[in-house]
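Me: I'm new to protein structures and would like to learn how the terms are applied. Could you walk me through this one?

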Amino acid sequence: GGQANTNSTLGSSNFDGSIQSTAKVNASAGFSITGYKGNNSAGATIGHGLGVAPSVLIVKNRDSTRGWMVYHHKNTSAPATEYLWLDQTSATSDYDGSWNDTAPSSTVFSIGNSNETNENNSDHIAYCFSEVAGYSKFGSYTGNGSSDGTFVFTGLRPAWVMIKRTDSSNDWHINDSKRDIDNTVIEYLYANSNAAENNLSSGGGLDFLSNGFKIRNTSAAVINGNGANYIYLAFAESPFKYSRAR
């Protein structure tokens with residue numbers, strides 16, 4: 001396997017998978033952009049170039065009006081059997097056509113025969129994320145419906161957090177430290193919606209802390225339903241191992 005034919009604009013040809021891909025990789029940031037042409041063959045593999053197994057995959061069929069399929073390594077106890085839609089509110093679903101029920105490896109991710117991840121002769125794009133200590137964290141938590149909500153340890157001070165409830169239909173909820181410069185962080189956008197910005201002023205939002213975030217909301221099932229399951233993506237305010245609280 002490996003990479004060859006480096007092109008600074010288009011990326012590098014990657015022959016690690018059963019389908020040749022073109023990957024633009026920043027391993028130090030834990031991110032690669034990977035393009036490939038589907039073959040509709042369950043069990044096909046795609047080289048991602050990260051050198052470690054990705055924790056999150058976001059895949060889009062570029063040639064069809066199909067949804068954005070998401071893999072998250074903390075989405076249930078068997079994440080490779082599951083998928084979420086980035087452009088929809090749907091709860092997680094079990095489907096072998098997405099990732100062929102196979103977890104990503106340090107060199108490739110697997111795809112089934114779904115038209116979203118592997119339509120024959122269609123071009124697909126995959127955004128692949130691996131965790132980098134002090135810079136990114138992709139985890140899960142359980143809500144408790146309380147203003148003294150769950151503390152989620154990330155090992156970094158968040159600048160951007162996206163949360164999705166997985167056991168029920170809810171939005172992809174985004175908070176950041178630029179629209180809200182002080183705690184509590186209440187301004188949000190939804191990745192799956194074209195709605196204008198709104199806020200959780202009535203029930204509270206999140207506190208961004210030096211080593212994670214704490215849920216302060218008492219009413220919004222979108223981030224803190226009692227006993228509800230959530231996955232999140234978090235990126236750091238500053239990409240250093242140690243960061244200051246605010």
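Reply: Let's start with β5 (residues 44-47) and β10 (residues 108-111), which run antiparallel and are joined by four bridges. This is a predicted model, where local features need pLDDT of at least 70, side-chain atom pairs count only at pLDDT 80 or more, and totals for chains, interfaces and linings use all residues. Residues are numbered from 1 along each chain as its sequence is written, and side-chain values use heavy atoms, with hydrogens and water left out.

Me: What makes β5 and β10 a pair?

Reply: Strands (E, at least two residues) are DSSP runs, numbered from the N terminus. Two of them pair if DSSP finds at least two bridges between them. Four bridges join β5 to β10, so they pair. Gly-47 has Val-108 as its bridge partner, and Ala-44 stands opposite Ile-111.

Me: Why are the residues of β5 called buried?

Reply: Buried means under 20% relative accessible area (exposed is over 50%, partly exposed in between; 1.4 Å probe, protein chains only). Ala-44 and Ile-46 point one way, Thr-45 and Gly-47 the other way, and all are buried. In β10, Val-108 and Ser-110 point one way and Phe-109 and Ile-111 the other, and all are buried too.

Me: Why do β13 and β18 stand at the edges of their sheet?

Reply: Three strands form an open, antiparallel sheet in the order β13-β19-β18. β13 (151-153) and β18 (206-209) each have a single partner strand, so one side of each is left without a neighbour in the sheet.

Me: How do you know that β13 pairs with β19?

Reply: Three bridges join β13 to β19 (residues 212-215), and Phe-151 stands opposite Lys-214.
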